Amino acid sequence: MLDPAIIFAGVLNGLLAGGIYVLVAVGLTLIYGVLHIINFAHGSLLMLAMYAVFFLWRLLGIDPYVALPLVIGGAFIFGFVLYRLLIGRFSHGRDENILLLTLGVSIVVDNAALLFFGGDTETIAVPYAGTFVELGAAFLPLPKIISFVASVLLCAGLGIYMAKSDTGKAIRALAKERHGARLVGIDVDKLFAVSYGIGIACLGAAACLLMPTFYVTPSSGYAFVLVAFTIVVLGGMGSFTGAAVGGFLIGVTESLGGLFLGEQLGQIGISLIFILILLFKPTGLFGGGR
Amino acid sequence: MRGRALLLAAGLAAALAYPLLVPNYLITVGMLIFFTAFIGQSWNIAGGFAGQTSFGHVVFFGTGAYTSTILQVTYGWNAWLSWPAAMAAGAAVGWMIAVLSFRAGLRGSYFALITLAFAEVFRIVSNSVPFTRGGLGMLIKADPRPENFQFRDPIWIYYLALLLCIVSILIAWQLTRSRFGARLVAIRENEDAARALGIDVFTEKVKVLTLSGAMCAAGGTFYVQKYLYIDPSIAFGVEKSVEMLLVSMVGGAGTIFGPLIGSVALTGINEITRWLAGVVPALKNVQPLSLIVYGIMLMLIVARLPDGLMGLFRRSAAKPEQRRA
């Protein structure tokens, strides 16, 4: 058996990573909950946002955390426009069609990244990357802690926004009953685009929080898409609480999987959880029904 | 009807004569067209005819590739003998995934995503266990003799790919005329209505995925015999899954000739981008460029042309044709 101290450190690291996954998953679950579409392009759009953060740093010297409002705003506009121009227009009919459409988006985005940015792994060397915080037996990198706190604050902020603001209330009404929402005078089409935009804005935030400790390549999107779907399915499609709990669970699973099974086999935990949840409890931990 | 038979005969004659007239490089291009059409057809039978869209079809391809390779390399089997064994393994995996997923009632996007996760599990396992030699991949000893399923002259592997493609088209054609095929179409169009009509939806879906898995696994073995090498990311990576889905969707999902037409279009785009890359030095990366074009085509097809390029041909044909039964 492994030393409990190592396991403790593994759990803490997993929770820190999970904190950022929550942000990615909240975006996905929001898009599903409101629009009833499965956004397969989620990982690719995260990858794109990560490149945006990288180039802001490389070309303009903007620190990833300082870039936060800029990237969130940019990602919102990108998502809004993408929905208006493409996804919203053709999202009629079978749900596989939307899956295929967003698959098309992800193929184009992934390969455009490969074409323009090259296949190299890019990282950001922030000056505080080598600073560690001692917590019990674990040494935790400072940027991971900053990102964790920022992610929790942003999720809480989004939660309050969805609960209190007029837009948030209208979006929740739309998620529950779209025809009813239209009847009471809510601009449904615009709110769909806004919801998609908010979902993508979450990715923009996640990208800023990931880059100080993570790397980006054109294939990063594919690495994240299964993680994001697993979290959302585990928590229950469309459930915010589920996305939060699922994010932490998956972060810890990934970290402990790597610890016990090694770098290669450790990744299997996420795919297995995904399969088992879909087979035995497709509504997830907090989901209503499909 | 007569015109169509004539067109088919002409197409077949052209395909047979083609390798005698062109250099080796173009023979290999032709081989790849038919091979991709073949594995595309295996996707099309489940994804197109029966409407069970899969994002992880490569799981069958990789199962076939690894089964025949392990039987040859580790157990000394003859390559031709390992081929049916690979197909059986592909069928078994297809059956397993179908029984698990369809018993759990997964449909549409959920089924697509779970197949992706299965492929990922297979990729990670084959990357880690000793009997696949992990990430190193497996090499088949080069010994180009026909009895080893290896050919010195590319013309033979071309003809074999053509044969596979024709067989797969015959299978698809048979589906359009059989009651089994009609039941699959009913399931695709409306599963609940199909059940209400007395169709055993679960059994039919399991059958079609088993068939599709066997076909796709046959493609996996063919691929290894051509390149004599397989590793986890070739065998179970997402690229081949997407390729199979793309050629069927672009050519026309649920049509007999869709995968072949899609495969010709994919290869055509590849060759054009290769040419462009030679002319415009900035575009030195060929592969992403053609995939970008293909991704855009996929979006256009989903949005505007649900029957793919086949639908386009049908619409432009003067006579309104009878749709599949």
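What percentage of the 290 residues in chain A is made up of buried residues? In this predicted model, in which local features need pLDDT of at least 70, side-chain atom pairs count only at pLDDT 80 or more and totals for chains, interfaces and linings use all residues, the figure for chain A is 54%, where buried means under 20% relative accessible area with a 1.4 Å probe and protein chains only. Residues are numbered from 1 along each chain as its sequence is written, chains are lettered from A and ligands numbered from 1 in the order in which they are written, and side-chain values use heavy atoms, with hydrogens and water left out.

**Chain A**
- Chain A has 11 helices and four strands, counted as DSSP runs numbered from the N terminus (helices are H or I with at least four residues, strands are E with at least two).
- The radius of gyration of chain A, 19 Å, agrees with the value near 19 Å for a compact globule of 290 residues (taken over C-alpha atoms, with a rule of 2.2 Å times the number of residues to the power 0.38).
- Along the principal axes, the C-alpha atoms of chain A fill a box of roughly 60 × 45 × 35 Å.
- Of the contacts in chain A with a separation of 6 or more, 78% join residues 24 or more positions apart, a contact being heavy atoms within 4.5 Å.
- Chain A exposes about 12,000 Å², with 68% supplied by carbon and sulfur atoms (Shrake-Rupley method, 1.4 Å probe).
- The 14 positive and 14 negative charges of chain A have mean positions 14 Å apart; Lys and Arg count as positive and Asp and Glu as negative, while His and the chain ends are not counted, and each charge is placed at NZ of Lys, CZ of Arg, CG of Asp or CD of Glu.

**Chain B**
- Chain B has 14 helices and two strands, and buried residues make up 57% of its 325 residues.
- For 325 residues a compact globule would have a radius of gyration near 20 Å, and the 20 Å of chain B agrees with this.
- The accessible surface of chain B comes to about 14,100 Å², 68% of which belongs to carbon and sulfur atoms.
- The centres of the 26 positive and 15 negative side chains of chain B lie 5 Å apart.

**Helix 7 of chain B**
- In helix 7 (residues 179-189) of chain B, the buried residues are Phe180(B), Gly181(B), Leu184(B), Val185(B), Ile187(B) and Arg188(B).
- These residues lie on the same side of helix 7 of chain B, because they cover an arc of only 160° around the axis, judged by the directions from the helix axis to the C-beta atoms.
- The buried residues of helix 7 pack against helix 2 (24-49), helix 6 (154-177), helix 8 (191-196) and helix 9 (201-227) of chain B.

Terms used: Buried means under 20% relative accessible area, exposed over 50%, partly exposed in between (1.4 Å probe, protein chains only).
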